[in-house]
Amino acid sequence: MYLTKLPRDYNEPYYPQTYFKNYNPAPLRVVHLDLKGAPPKMSYLKEILPIISASGGNALLIEYEDMFPYEGLIRNVSAVKAYSRNQINEFLSLCDYYGIEVIPLVQTFGHMEFVLKLQEFQHLRELNDNPQEICPSNSDSLKIISEMLSQVLALHKKIKRIHIGCDEVFNLNVCANCMKLNTNSRDVFLDHIKTISRGIKSTHPKITVLIWDDMLRSWPASYIDSTNLNKYVEPVIWIYGTEIKKLIPLSYWYWYFKHFQNIWIAGAFKGATNEMAILPNVSLHFENQKSWLKFISKHVKPQNTVVGYVLTGWSRYDHFASLCELLPTAIPSLILNLLFISSTFKQQEDVMLSYNEILKCNLKNSFHDIIQLKNTEYCSFPGQELIPLMLKLINYRSEIKILFERLYETNSWMTSFHLKRFYINPIKLKLLFSKNQFYKILKNFSQFSSEIELKLKKYYDKETIEEWFQEHVEFYLNKLEFLRESFEKSLYRNTWQHKKI
Ligand SMILES: [Zn+2]
């Protein structure tokens with residue numbers, strides 16, 4: 001999932017003019033909304049539709065996870081804060097208004113933690129102690145999956161495509177039921193996909209079914225052509241780094257192109273560099289799209305069509321992981337990458353012009369400012385105010401790390417030994433704490449924490465703010481609190497017993 005290191009110096013022009021001369025944008029430029037973490041308030045999602053549309057985005061891949069309002073026997077799958085049916089209907093109408101096609105994504109194999117974590121569905125796990133994969137051999141599994149799919153399909157009446165996930169099915173063909181079938185994991189995987197696709201097409205024959213491609217990569221390349229998969233699904237081939245041919249060798253591409261006439265590709269605009277990132281690494285994501293464009297220009301055969309180019313924006317790496325970059329902070333990355341993949345070859349100045357216009361920016365050194373997320377205060381787009389705050393948070397966190405190291409980890413007068421015995425000479429600490437401006441940092445960071453919490457309220461509900469805060473801010477507040485408490489305790493003593501009492 002990680003991007004690789006930047007391959008070149010960013011003082012170079014942002015792309016040489018000859019790189020992508022044969023690039024034609026895919027008919028669908030798709031923005032992935034990963035709602036399994038930090039689902040924004042619906043008001044915010046509505047607010048970003050016009051800028052997505054203006055930047056060339058004409059489809060959304062909505063990964064609802066537990067934010068879909070399931071009903072009946074599976075109502076417990078939905079989070080308490082799930083969107084309502086009315087909210088989704090209104091959003092879909094607005095997408096329609098902006099000419100944005102909606103492709104819902106429902107996980108049906110791996111990454112089903114949001115279902116399988118629940119006690120009532122525990123018996124459907126492939127491995128009892130791992131809530132990630134559903135067992136395809138259990139008939140109840142198919143009942144749950146088809147119930148989820150029919151409820152999602154019923155609410156999305158106009159859709160032409162649905163994505164059924166199927167990435168990272170790490171535990172396959174390992175439970176007693178599956179192994180009884182005496183088959184191999186490839187066939188188990190294929191059978192499950194075909195069953196689900198058949199189920200969807202039995203009621204919605206015109207709907208195209210999409211899957212992530214990564215499970216196919218572990219097979220012998222030529223095997224793909226013997227699977228008949230092209231009759232059931234179209235693959236979304238995802239790579240978030242720059243080494244496309246290294247991750248998927250050309251021999252695989254040969255069979256992908258031979259077997260599937262229509263393919264989809266996916267890069268990332270956020271959520272693929274670090275599980276706990278606060279801000280997206282815009283330059284890495286931009287490099288990722290550049291690599292894709294170069295690859296498409298050179299290798300896609302005339303008989304194949306890249307139907308859609310998905311820009312994924314992961315909110316967390318799986319249901320149990322922490323939150324990574326918040327969507328509002330990734331708008332510059334999203335728009336830059338979207339403009340880039342949506343246009344035939346253009347000069348850097350043209351893309352920058354559109355960027356400045358759409359995000360209402362007045363940037364002097366546009367490209368460098370964008371990739372470093374600098375000077376966003378000269379822009380005006382939904383969520384802009386969070387970026388300077390996140391940059392400030394990153395600075396505070398480094399400052400606190402250094403402070404903690406100086407005042408505790410490498411402080412010869414306040415080690416764990418000293419603290420346990422109150423064997424501290426306060427004079428030494430007073431000097432050190434004052435020299436490092438401890439109380440000033442404590443006051444500023446506490447005020448800043450409250451400010452950031454307040455600002456997030458416009459975009460997120462209480463539960464999301466609490467989670468993000470505890471994962472990314474509280475740890476540093478706790479460090480400061482530990483230092484304060486240790487220091488203040490030490491002030492009350494000026495006589496001591498023998499050391500070893
Ligand atoms: Zn099984």
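Predicted model: local features only at pLDDT ≥ 70, side-chain atom pairs only at ≥ 80, totals over all residues.

Between domain 1 and domain 2 about 1,600 Å² is buried, with 65% of that area coming from carbon and sulfur atoms; buried area here is the accessible area, for a 1.4 Å probe, that two parts lose on being put together, summed over both. On the side of domain 1, Lys 41, Lys 81 and Ile 278 supply 36% of the area buried against domain 2, more than any other three residues. Residues are numbered from 1 along each chain as its sequence is written, and side-chain values use heavy atoms, with hydrogens and water left out.

The domains themselves span 28-344 and 388-490, with bounds from an automatic or database domain assignment, and 18 residues of domain 1 are in contact (heavy atoms within 4.5 Å) with 17 of domain 2.

Which charged groups meet in a salt bridge? Lys 81, already named for its share of the buried area, pairs through its side chain with Glu 463 at 3.4 Å, N to O, the rule being a side-chain nitrogen of Lys or Arg within 4 Å of a carboxyl oxygen of Asp or Glu. Across the interface the rule finds two salt bridges.

Turning to rings, the charged end of Arg 186 sits over Tyr 223, 3.9 Å from the ring centre, and that of Arg 217 over Trp 238, at 5.0 Å; the criterion is NZ of Lys or CZ of Arg within 6 Å of the ring centre and within 35 degrees of the ring normal.
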